[in-house]
Amino acid sequence: MHIRVLGSAAGGGYPQWNCNHPNSRRARAGDAQAKSRTQSSIAVSADGERWLICNASPDLRQQINDNPVLQPAADGPLRASPIQAVMLTNADVDHVTGLLNLRESQAFNLYATGRVLEVLAANSIFNVLNPAFVTRRSMRLGEPFAPLAADGTPLGLSITPFAVPGKVALWLEDAAKGVDIGAVTEDTIALEVRDTASGRCFFYLPACARMTPELAARIRGAALVFFDGTLWVDDEMVRDGVGTKTGQRMGHLSISGEGGSIALLRELGIARKVFIHINTTNPVLLEDSPERAEATAAGWEVAYDGMQLEV
Ligand code: MLT
Ligand code: MN
């Protein structure tokens with residue numbers, strides 16, 4: 001099974017448009033140790049030809065231009081795309097707005113939970129995805145299913161979506177009702193992606209607010225896990241003077257410390273651990289930082305745009 005990281009940064013990308021944090025300045029200056037990154041998304045393919053996109057980043061157009069495997073074949077028809085299906089893990093801006101790039105009456109299947117499909121249905125701008133071509137299909141938590149190519153044939157993958165602790169997308173928060181941080185609902189899910197032929201699988205968790213015994217048991221011994229790498233430390237944005245929210249308030253478990261993801265996943269026997277959805281303030285982005293060295297020493301990789309993995 002082929003996996004490509006299309007975008008490895010959190011919402012806003014790296015550098016974020018209005019960010020003057022030293023991290024962002026280094027990326028903007030073209031520093032080779034501080035590589036720019038587009039917003040969170042991966043592509044998966046069993047056959048190397050037909051691709052499933054997990055999360056539709058606002059940078060999807062650039063990501064397609066950067067990855068020739070996602071472009072129409074040179075000898076193909078006048079309108080075509082290797083992108084056969086799109087799957088969403090939440091309704092974050094950084095995960096749904098790329099759908100708007102996929103207009104122009106091209107057939108594909110769009111998979112999301114009932115909750116996220118409701119949100120899309122309530123926002124008529126997504127009607128640019130012509131229903132005569134784009135089929136919206138509901139995923140049920142805990143139920144494995146075979147995603148389909150545009151022509152209805154199976155993509156050779158089996159997906160099990162499951163809820164992880166998180167919260168509703170920022171733009172859907174309702175101050176009057178309060179926000180249940182760490183809620184285990186259809187708002188924030190993760191994916192177990194299995195290659196039907198080989199039986200091999202990996203996990204994709206771009207957002208996760210905390211570890212639970214159920215989650216630890218599920219990912220224990222996995223060949224590969226992509227995990228929420230938003231912040232190095234919970235109060236990073238507050239400490240660095242660029243924001244008022246903690247990682248916990250945003251629904252993200254931080255990387256460092258006793259209660260962080262490095263510690264919590266350390267004993268789970270996972271062969272390959274990769275941070276993804278990394279915020280512009282996170283020092284792990286800097287290849288020469290002590291934090292990067294610590295993550296590497298703990299057996300973690302930091303996703304970068306264009307990273308290719310095989311499972
Ligand atoms: C998040 O992952 O916390 C969101 O992408 C935040 C946002 O929408 O800016
Ligand atoms: Mn996000």
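The site of the manganese ion (ligand 2) is irregular, with angles of 50 to 159° among its six donor atoms. The model is predicted.

**Manganese site**

- Asp92 (OD), Asp94 (OD), Asp94 (OD) and His277 (NE2) coordinate the manganese ion (ligand 2), at 2.2 to 2.8 Å.
- The donor residues of the manganese ion (ligand 2) follow the sequence spacing D-x1-D-x182-H.
- Asp94 sits in helix H3 (residues 93-96), and His277 sits in the loop between strand E11 (273-276) and helix H9 (290-297), so the pair ties together parts that are 183 residues apart in sequence.
- Asp94 and His277 are both buried.

**Ligand 1**

- Around ligand 1 are Asp92, Asp94, Leu170, Met250, His252 and His277.
- The side chain of Asp94 has an N or O atom 2.7 Å from an oxygen atom of ligand 1.
- For the side chain of His252, the distance from an N or O atom to an oxygen atom of ligand 1 is 2.8 Å.
- For the side chain of His277, the distance from an N or O atom to an oxygen atom of ligand 1 is 3.1 Å.
- Ligand 1 has 270 Å² of accessible area on its own, and the protein covers 78% of it.

**Aromatic pairs**

- A pair of aromatic rings is described by the distance of the centres and the angle of the planes.
- With ring centres required to lie within 6.5 Å, the count comes to five aromatic pairs.
- Phe162 and Phe203 have ring centres 6.1 Å apart and planes at 75°, so the pair is edge-to-face.
- Phe162 lies in strand E7 (residues 157-163) and Phe203 in strand E9 (residues 201-205), so this pair ties together parts that are 41 residues apart in sequence.
- Phe162 counts as buried at 4% relative accessibility, and Phe203 counts as buried at 3%.
- Tyr204 and Phe226 have ring centres 6.3 Å apart and planes at 80°, so the pair is edge-to-face.
- Tyr204 in strand E9 and Phe226 in strand E10 (residues 225-228) are 22 residues apart, and their pair links distant parts of the chain.
- Tyr204 counts as buried at 0% relative accessibility, and Phe226 counts as buried at 0%.
- One aromatic cluster is formed by Phe202, Tyr204 and Phe226.

Definitions and conventions: Residues are numbered from 1 along each chain as its sequence is written. Chains are lettered from A and ligands numbered from 1 in the order in which they are written. This is a predicted model: local features need pLDDT of at least 70, side-chain atom pairs count only at pLDDT 80 or more; totals for chains, interfaces and linings use all residues. Side-chain values use heavy atoms; hydrogens and water are left out. Donors are N, O and S atoms within 2.8 Å of the metal (3.2 Å for Na, K and Ca); water is not among the atoms, so sites may look incomplete. Four donors count as tetrahedral if all angles lie between 85 and 135 degrees; four count as square planar and six as octahedral if opposite donors are over 155 degrees apart and all others between 65 and 115; anything else is irregular. Helices (H or I, at least four residues) and strands (E, at least two) are DSSP runs, numbered from the N terminus. Buried means under 20% relative accessible area, exposed over 50%, partly exposed in between (1.4 Å probe, protein chains only). A residue is near a molecule or strand if one of its heavy atoms lies within 4 Å of it. A polar contact is a pair of N or O atoms within 3.5 Å; within protein, one must be able to donate a hydrogen and the other to accept it, and residues adjacent in sequence count only if both atoms are side-chain atoms. Accessible areas come from the Shrake-Rupley method with a 1.4 Å probe; for residues, only the protein chains shown count as cover. Rings of Phe, Tyr and Trp (its six-membered ring) pair if their centres lie within 6.5 Å; planes under 30 degrees apart count as stacked, over 60 as edge-to-face and the rest as tilted.
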